[in-house]
Each structure stands twice: as C-alpha cells, then as structure tokens.
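Here's a quick tour of a single chain, written to be read with the model open beside it. Have a look at the fold before reading on.

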Amino acid sequence: MQLSYRKIILIMICLFVVMFASTLTRSQNSQTKTYKIVMVLWRGITDSETGFMDYIKNRNLKVEFIIKNCNKNKTLLPKFIKEIKELKPDLIYTFGTTVTRTIAGTHKNHPSDRFITDIPIVFSIVADPLGAEIVPALKSSERNVTGISHLV
C-alpha cells in the first residue's frame with residue numbers, strides 16, 4: 001500500500017496536533033498552583049518592580065504578588081518579617097540595600113531567627129552587595145539569596 005503525499009501530510013499534522021495537545025494539557029495541569037511572591041519595597045513600586053512583575057506575568061505563571069511597602073520607614077521591616085514567616089511565600093523580592101539586609105541579614109550573621117533564611121530571596125537595586133555583606137562573593141551567595149545591582 002502506497003500512501004499519497006496528502007495522506008502523509010495529514011498523518012503528520014494529526015500526530016503534531018496530538019503531541020501539542022498532550023504537551024499543553026501537561027503544562028496546564030502542572031500549573032495549578034498559584035505562587036506567592038512577597039515584594040518588600042522601600043519607596044513603593046518603581047520601574048524595577050514593574051519590570052519584574054511584567055516578566056513573571058509574561059511567562060503565564062499563576063502568581064499572587066503581595067506588596068509590603070515600608071515607605072522609607074525601616075521600623076516596619078521587623079513586622080514584615082513576622083508576616084512573611086507566617087505567610088510562607090514561594091519567593092521574596094526585596095528593593096534596596098536597607099530592605100535586603102534587614103530581611104535577609106548579612107552572610108556573616110546568617111542564619112538567625114531575626115532574618116528570613118528558608119525562603120528564596122531576590123534583591124534588586126542593591127548598590128554594593130559585597131560591601132553590604134549581603135553576599136560573600138559575586139560568584140555565589142552561599143545561601144538562599146541572589147539579585148542584581150544597578151551599578152557597574
């Protein structure tokens with residue numbers, strides 16, 4: 001039995017559709033969880049946070065962003081730490097050196113009950129993570145913290 005060119009193309013299209021539908025179903029089923037990301041901010045939502053949230057949203061992930069803005073009042077940060085520990089989010093985003101050091105501590109005083117050490121932390125806009133002792137080296141933080149600096 002010889003298959004015509006049209007039948008071969010039709011069979012290939014059908015196989016592709018079945019494979020695609022199978023992959024789509026698996027990816028939709030694996031994304032049933034809504035991830036919680038707590039964002040601890042120094043002065044409200046900036047372009048950095050907007051870009052971070054847009055990046056996550058553009059990946060079609062189910063995410064709940066929980067904003068904790070201390071509005072340049074660092075005395076609120078210990079309260080935020082307590083709330084975050086109770087909430088147990090999947091990820092913590094911190095803005096700036098003050099917020100990051102208060103939430104994550106330094107690599108020298110890590111671990112400690114005063115800081116969050118069991119939830120991944122991504123920091124942004126930290127001028128000198130080495131000098132602030134957030135990380136011991138840029139190659140590896142050697143703990144559950146990573147991030148970016150806005151300076152070259």
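## Ground rules

This is a predicted model, so local features need pLDDT of at least 70 and side-chain atom pairs count only at pLDDT 80 or more, while totals for chains, interfaces and linings use all residues. Residues are numbered from 1 along each chain as its sequence is written, and side-chain values use heavy atoms, with hydrogens and water left out.

## The chain at a glance

Four helices and five strands make up the secondary structure, in the order α-β-α-β-α-β-α-β-β from the N terminus. Here helices (H or I, at least four residues) and strands (E, at least two) are DSSP runs, numbered from the N terminus.

Of the 152 residues, 31% are buried; that means under 20% relative accessible area, with exposed over 50% and partly exposed in between (1.4 Å probe, protein chains only). The accessible surface comes to about 10,000 Å², and 57% of that belongs to carbon and sulfur atoms (Shrake-Rupley method, 1.4 Å probe; for residues, only the protein chains shown count as cover). Among contacts (heavy atoms within 4.5 Å) with a separation of 6 or more, 69% are between residues 24 or more positions apart.

Five of the five residues of β3 are buried, so the strand is largely enclosed by the rest of the structure. Leu-91, Tyr-93 and Phe-95 sit on one side, Ile-92 and Thr-94 on the other, and both faces are covered. In a regular strand, side chains alternate between the two faces of the sheet.

Strands count as paired if DSSP finds at least two bridges between them. Tyr-93 features in both pairings, as the bridge partner of Met-39 and standing opposite Val-122 in β4.

## Helix α4 and what covers it

In α4 (residues 96-104), the buried residues are Gly-96, Val-99, Thr-100, Ile-103 and Ala-104. They span an arc of only 100° around the axis, which puts them on the same side of the helix; the arc is that of the directions from the helix axis to the C-beta atoms. Their cover includes β1 (35-41), α3 (77-87), β3 (91-95), β4 (121-124) and β5 (145-147). After α4 comes Gly-105, with a positive phi near 75°.

Which residues does Ala-132 touch, leaving aside its neighbours within four places in sequence? Its contacts are Thr-97, Arg-101 and Thr-106. Ala-132 lies in the loop between β4 and β5 and counts as buried at 11% relative accessibility. Ala-132 and Arg-101 are 31 residues apart in sequence, but their C-alpha atoms are 7.6 Å apart.

## Salt bridges

The structure holds five salt bridges, each a side-chain nitrogen of Lys or Arg within 4 Å of a carboxyl oxygen of Asp or Glu. One of them joins Asp-90 and Lys-33 at 2.8 Å, N to O. That pair links distant parts of the chain, 57 residues apart: Asp-90 is in the loop between α3 and β3, Lys-33 in the loop between α1 (5-30) and β1. Asp-90 is partly exposed at 28%, and so is Lys-33 at 41%.

Helix α3 holds Lys-79 and Glu-83, four residues apart, about one turn of the helix. Their closest N and O atoms are 3.8 Å apart, and Lys-68 is linked with them in a network of salt bridges. Lys-82 and Glu-86 also meet in a salt bridge, 3.8 Å from N to O; Lys-82 is exposed at 55% and Glu-86 is exposed at 56%.
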